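Keep the structure open while reading.

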Amino acid sequence: MTEQATVARPIEVAGTALRSGGVRRARLLPGLPDSGVVFVVDGVELAATIAHVEDTTLATTLAAGGVRVVLVEHLLAATMAAGIDNLRVELDGDELPILDGAALTWLGALATAGRTAQGAAVRWWSVSEPVRVETPTAFAMLEPAPALSLDISVQFSHALIGAQRWTGDPIARFGAELAWARTFGFHADAERFRAAGMMRGVSLDNTLVFDDAGVMNPGGQRAADEVVRHKALDALGDLALVTGRPRVKLTASRGGHAVHHALLRATQGVLVRG
Ligand SMILES: [Zn+2]
């Protein structure tokens, strides 16, 4: 039997919030068996489940009970990769910090906090048959599989991105291949979002920014396919919105949070546990 696990000790992480630009703190605390990841805002508990997804514009926002939490996906990806099934995340506001724009800081914090088994058996989930969703520009599919795997493709017109694909086991390869891949964007969009007051915390410290000339970050890209690696990181975080550990293959082409969430909603009728 594989046991559920949580963090062995509490740990606090603080950093800039992407939308507001202020400093936000998150305290990661042990979670109860079978609880999954639960955010706590103003004393209200908000479980990280697909039913609580309110918005996916630029980042995944969860809302219920009069509270909301923005930018949950990178922490959720790190918890999946670290084998943390249950976690209580107490916040001092409605956003998680963007930190390094990837999942390295979260992964490091979880490693520092340590991991403790909880006795209860892991709850695995899969689908009884393939589920597919399509939009005019994207598609995503979940299929039953003996173990989690991803097949993620992107296509951007920017000369430095083009067509990219990442396939494999996102948990086994997370630290080496995905955790450092940053949030990315395009300079023209960043100006528009900032003008609308949406992204005050965006900086070259937390976001890979492409402009007409190439990459604005002084160090450039961390890999020629950093974009698709971040998409794979995000996809892993999205899969964490179904409580338990997945035994599925996720294939997504030109997708993103909105398509992944539509897929997870479509999965509810064929979800199998065991
Ligand atoms: Zn992301």
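Two strands count as paired if DSSP finds at least two bridges between them. In this predicted model, five strands form an open sheet with mixed pairing, in the order β2-β3-β9-β4-β5. The edges are held by β2 (11–16) and β5 (44–47); each has a single partner strand, so one side of each is left without a neighbour in the sheet. On average, neighbouring strands of this sheet are turned by 25° against each other, direction ignored.

At one end of that order, strand β4 (residues 37–41) and β5 run antiparallel and are joined by four bridges. V38 has A47 of β5 as its bridge partner. Helix α2 (residues 104–113) lies across β2 and β3 (23–30), and runs at about 165° to β2.

The axes of helix α1 (residues 73–82) and helix α5 (residues 226–239) come within 7 Å and cross at roughly 80°. Angles of 65 to 115 degrees count as roughly perpendicular, so α1 is roughly perpendicular to α5. On the α1 side the contact is made by E73, H74, L76, A77, M80 and A81, and on the α5 side by L233, D234, L236, G237, D238 and L239. These contact residues divide into seven nonpolar, two polar and three charged.

In soluble globular proteins, nonpolar side chains tend to be buried together. The largest nonpolar core here has 75 residues, of which A77, A78, A81, A179, A232 and L233 touch the most other members. Leaving aside residues up to four places away in sequence, A78 touches A103, W106, L107 and L110.

Key
Residues are numbered from 1 along each chain as its sequence is written. This is a predicted model: local features need pLDDT of at least 70, side-chain atom pairs count only at pLDDT 80 or more; totals for chains, interfaces and linings use all residues. Axes are lines fitted to C-alpha atoms, for helices over the stretch in contact, and angles run from 0 to 180 degrees between N-to-C directions. Helices (H or I, at least four residues) and strands (E, at least two) are DSSP runs, numbered from the N terminus. Angles under 35 degrees count as roughly parallel, over 145 as roughly antiparallel, 65 to 115 as roughly perpendicular and the rest as oblique. Two residues are in contact if their C-beta atoms, placed from the backbone, lie within 7 Å. Ala, Val, Leu, Ile, Met, Phe, Trp, Tyr, Cys and Pro count as nonpolar, Asp, Glu, Lys and Arg as charged, and the others, Gly among them, as polar. A nonpolar core is a set of buried Ala, Val, Leu, Ile, Met, Phe, Trp, Tyr and Cys residues joined through C-beta atoms within 7 Å. A residue is buried if 20 or more other C-beta atoms lie within 10 Å of its own, exposed if 12 or fewer, and partly exposed in between; C-beta atoms are placed from the backbone.
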